[in-house]
Amino acid sequence: MNIDKMEFIAWMERISTRLDILAEQLKSSDKRQHLVDGEELLDNQDVLQILKISSRSLQRYRGSGRLPYYRISGKPYYKLSDVHQFIREGFSHPVRKA
């Protein structure tokens, strides 16, 4: 099966256009899923990467009430503003050397 160059280029452009459309749809649907009242929600993995802590540390912060969270279908989520507040509070209480 031989395909001439112009036919191949046109075919690749159609595929590229469709992929661009799909990428835009994925971006918009992803943003809608992670926004509640205009505020971004983060899952455990997002918070672990931001804070650079272990999952056990995150569990301790959650359990002690230092980091507020919300359960949606049994999965914990965190508001981005709450994570930023947690970071700010960490800076206001420096660790003292013994």
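Colleague: In what order do the elements of the protein chain run from the N terminus on?

Modeller: Bear in mind that this is a predicted model, where local features need pLDDT of at least 70, side-chain atom pairs count only at pLDDT 80 or more, and totals for chains, interfaces and linings use all residues. Residues are numbered from 1 along each chain as its sequence is written, and side-chain values use heavy atoms, leaving out hydrogens and water. Helices (H or I, at least four residues) and strands (E, at least two) are DSSP runs, numbered from the N terminus. There are 4 helices and 4 strands, and the order is α-β-β-α-α-β-β-α.

Colleague: How are α2 and α4 oriented to each other, roughly parallel or roughly antiparallel?

Modeller: The axes (lines fitted to C-alpha atoms over the stretch in contact, with angles from 0 to 180 degrees between N-to-C directions) of α2 (residues 44-51) and α4 (residues 80-92) come within 12 Å and cross at roughly 30°. Angles under 35 degrees count as roughly parallel. The two helices are therefore roughly parallel.

Colleague: Which residues in α4 do Val47, Ile50 and Leu51 in α2 meet?

Modeller: Contact here means heavy atoms within 4.5 Å. On the α4 side, the partners are Val83, Phe86 and Ile87.

Note on methods:
Angles under 35 degrees count as roughly parallel, over 145 as roughly antiparallel, 65 to 115 as roughly perpendicular and the rest as oblique.
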